Number of protein chains: 2
Amino acid sequence: MDFAAELKRHVARVEHGLDLYLPAATTRPARLHTAMRYTLEAGGKRLRPVLVLATAELFQSVAPSATAPTDPLPAAVAIECLHTYSLIHDDLPCMDNDDLRRGRPTAHKQFDEATALLAGDALLTHAFALLAESYDAQPTLAHALIRELAAAAGSRRLIGGQMADLLAEKKFEATPGELEFIHLNKTAAMIEAALVLGGLLGGAGTGELAHLRRAGRNLGLAFQIIDDILDATADTATLGKTAGKDAKADKTTFVKLHGLEISRRLAAEHTTAARGELDRLLGDKSFLVALLETMATRSR
Amino acid sequence: MDFAAELKRHVARVEHGLDLYLPAATTRPARLHTAMRYTLEAGGKRLRPVLVLATAELFQSVAPSATAPTDPLPAAVAIECLHTYSLIHDDLPCMDNDDLRRGRPTAHKQFDEATALLAGDALLTHAFALLAESYDAQPTLAHALIRELAAAAGSRRLIGGQMADLLAEKKFEATPGELEFIHLNKTAAMIEAALVLGGLLGGAGTGELAHLRRAGRNLGLAFQIIDDILDATADTATLGKTAGKDAKADKTTFVKLHGLEISRRLAAEHTTAARGELDRLLGDKSFLVALLETMATRSR
């Protein structure tokens with residue numbers, strides 16, 4: 001398996017899907033649709049949608065269905081819309097107040113706050129509309145995908161994690177338990193959902209979905225710890241977003257709480273645990289395993 | 001039919017449902033869940049959820065199913081969550097910057113901007129989660145409800161209407177066509193969706209859903225024109241929200257564009273058209289018709 005080529009293939013498919021499944025920028029009102037596309041098209045790693053595509057392909061290759069396999073692309077686009085909405089709102093002045101994202105001005109800088117707010121709302125809503133419309137012929141699948149995504153994105157998970165993150169920042173300190181709540185929900189929830197959506201699309205059974213869920217949780221935790229490490233050690237040009245802002249905000253992070261060495265060890269442990277869960281699945285997991293390892297050793 | 005008693009019964013059921021189907025205020029993070037409940041519990045007319053309940057009951061009374069009828073309450077709560085999210089975000093400083101809503105401080109005044117933003121996001125997401133979870137045993141129905149709500153709330157409708165409204169305000173003028181786009185989408189979309197959701201829950205057929213959709217569109221247009229009339233003629237204490245803010249913002253409204261007399265006539269025409277659509281349905285529509293007429297003659 002040529003990891004770089006496979007990754008490139010998945011990312012190209014995601015980029016194509018984003019163009020295909022978003023309303024045209026000229027759709028009335030054009031300013032809103034232009035703003036939705038602006039932030040989506042700014043790039044990024046596309047980790048979540050690539051996980052959806054690769055996981056769906058894994059299951060479809062193990063147990064090819066008699067009929068044409070279900071296309072996972074709309075679900076991959078939906079999860080990227082949802083992730084991007086959370087970034088737009090997170091960057092707003094009343095939240096992290098960040099001017100730079102993926103090396104470009106954030107949505108409220110490029111447009112204005114109201115447009116950014118509404119573009120975020122619209123991307124969140126579009127994620128559910130896209131799932132409902134694209135899997136119209138399979139309402140049971142559509143329902144399962146929507147149920148999973150809505151739970152992962154809700155007040156107990158993604159949004160709850162953002163709220164807890166904000167409260168921890170204001171307190172200038174957070175306990176290890178609070179930090180775990182934040183990481184489990186702010187970051188791991190959507191990565192977990194990406195793997196589970198891929199499994200649902202590929203026809204995974206209950207036991208397989210449980211392995212995917214645990215793999216996602218561990219990958220998500222590793223991912224967030226590495227994010228904290230990079231914020232503390234890398235520079236803005238490398239990251240494509242403002243570096244050192246956690247320390248500047250005097251924010252509690254894994255690095256501040258445990259130091260760099262233990263943080264690195266924890267990230268490695270979660271990566272190993274995620275790999276252990278993937279090992280329990282049938283089929284050729286080499287791409288997913290390589291993706292895990294790339295995430296664990298990333299520098300931005 | 002005792003309209004006041006029937007309305008009271010529906011509203012009481014909605015209030016009960018809001019308490020039942022929202023996470024407890026103590027759910028972690030408590031500040032987020034407290035803010036979600038704060039705005040929902042502030043009251044309001046509950047027009048959209050009452051429309052869901054009354055429409056579902058109408059169809060269930062005409063064609064009682066052999067099995068227990070589907071409970072429309074979770075869908076009624078979902079649409080109120082969605083409506084309330086749109087109010088929270090609309091009141092934010094970067095949007096309408098309103099301090100008062102339903103006679104109480106708006107969410108960002110009571111909490112802070114970030115909490116209000118996230119509470120809005122969470123209510124929007126909860127609407128879809130609630131539909132997916134509550135109608136789990138009927139995935140085809142759940143899918144149809146979610147598809148309808150997501151389309152009505154999306155970038156071409158509710159959010160598109162809000163964006164267009166904002167752009168019209170900045171321009172200090174709007175053409176009649178722009179104003180119609182705003183009213184059709186910002187206001188009528190969710191009222192239309194309320195009637196259609198009720199129909200779907202009650203087992204309405206395609207033709208009946210089309211009548212419900214047109215009734216909702218006309219009711220929504222009448223509702224918004226009357227809103228403009230009240231903003232121009234009533235006082236803040238009566239409205240429970242800031243009066244005269246359209247004129248203050250030099251905003252184009254039906255009243256500014258057409259004058260009070262023509263606005264009143266247009267509202268009456270849309271009310272009559274909505275009633276005409278309801279007349280085409282079987283069963284006892286007296287509550288829905290009385291509700292229409294109450295809306296057409298309301299003073300707040």
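What rotation, and what shift along its axis, superposes chain A on chain B? In this predicted model, the answer is a rotation of 180 degrees with 0.0 Å of shift along the axis, and the RMSD of the superposition is 0.0 Å.

**View 1. The rotation axis that relates chain A and chain B.** In general, two copies of a chain are related by a rotation about an axis and a shift along it. Here the rotation that superposes chain A on chain B is 180 degrees, with a shift of 0.0 Å, and the two copies are therefore related as by a two-fold rotation axis. His143(A) is the residue of chain A that comes closest to this axis, its C-alpha lying at 2.8 Å. The same surface serves both copies, since 100% of the contact residues of chain A recur in chain B.

**View 2. The side of chain A that touches chain B.** Across this interface, 44 residues of chain A are in contact with 45 residues of chain B. The elements of chain A that give two or more residues to this side are α2 (30–40), α6 (113–134), α7 (139–153) and α8 (158–171). The most is given by α6(A), with 13 residues. By class, the residues on this side of chain A comprise 26 nonpolar, 11 polar and seven charged.

**View 3. Packing of α4(B) against α6(B).** Helix α4 (residues 73–91) and helix α6 (residues 113–134) of chain B have axes 8 Å apart and pack at an angle of about 165 degrees; because angles over 145 degrees count as roughly antiparallel, α4(B) is described as roughly antiparallel to α6(B). The crossing of these two helices is left-handed. On the α4(B) side the contact is made by residues including Pro74(B), Ala78(B), Cys81(B), Tyr85(B) and Ile88(B), and on the α6(B) side by residues including Ala116(B), Gly120(B), Leu123(B), Ala127(B) and Leu131(B). The contact of α4(B) with α6(B) has 15 nonpolar and five polar residues, and no charged ones.

**View 4. Packing of α4(B) against α9(B).** Helix α4(B) also packs with helix α9 (residues 176–202) of chain B, at an angle of about 165 degrees and with the axes 10 Å apart, and these two helices are therefore roughly antiparallel to each other. The crossing of α4(B) and α9(B) is right-handed, whereas that of α4(B) and α6(B) is left-handed. The contact is made by Ala75(B), Ile79(B), Leu82(B) and His83(B) of α4(B), together with Met190(B), Ala193(B), Ala194(B), Leu197(B) and Leu201(B) of α9(B). These residues divide into eight nonpolar, one polar and no charged. Among the residues of α4(B), Ala75(B) and Leu82(B) take part in this contact and also in the contact with α6(B).

View 5. Most residues other than glycine have a negative phi, and most peptide bonds are trans.

**View 6. Positive phi at Asn97(A) and Arg102(B).** Asn97(A), a residue other than glycine, has a positive phi near 50 degrees, and its place is in the loop between α4 (73–91) and β1 (100–101) of chain A. With 14 C-beta neighbours inside 10 Å, Asn97(A) counts as partly exposed. Arg102(B) likewise has a positive phi, near 55 degrees, and is found in the loop between β1 (100–101) and β2 (104–105) of chain B. Arg102(B) has 16 C-beta neighbours inside 10 Å and therefore counts as partly exposed.

View 7. Leaving aside its neighbours within four places in sequence, Gln110(A) is in contact with Tyr38(A) and Pro105(A). Gln110(A) and Tyr38(A) are 72 residues apart along the chain, while their C-alpha atoms are separated by 8.9 Å.

How values were computed. Residues are numbered from 1 along each chain as its sequence is written. Chains are lettered from A and ligands numbered from 1 in the order in which they are written. This is a predicted model: local features need pLDDT of at least 70, side-chain atom pairs count only at pLDDT 80 or more; totals for chains, interfaces and linings use all residues. Two residues are in contact if their C-beta atoms, placed from the backbone, lie within 7 Å. Helices (H or I, at least four residues) and strands (E, at least two) are DSSP runs, numbered from the N terminus. Ala, Val, Leu, Ile, Met, Phe, Trp, Tyr, Cys and Pro count as nonpolar, Asp, Glu, Lys and Arg as charged, and the others, Gly among them, as polar. Copies are superposed by least squares on the C-alpha atoms of residues with pLDDT of at least 70 in both. Axes are lines fitted to C-alpha atoms, for helices over the stretch in contact, and angles run from 0 to 180 degrees between N-to-C directions. Angles under 35 degrees count as roughly parallel, over 145 as roughly antiparallel, 65 to 115 as roughly perpendicular and the rest as oblique. A crossing is left-handed if the near helix is turned anticlockwise from the far one by less than a right angle, and right-handed if clockwise. A residue is buried if 20 or more other C-beta atoms lie within 10 Å of its own, exposed if 12 or fewer, and partly exposed in between; C-beta atoms are placed from the backbone.
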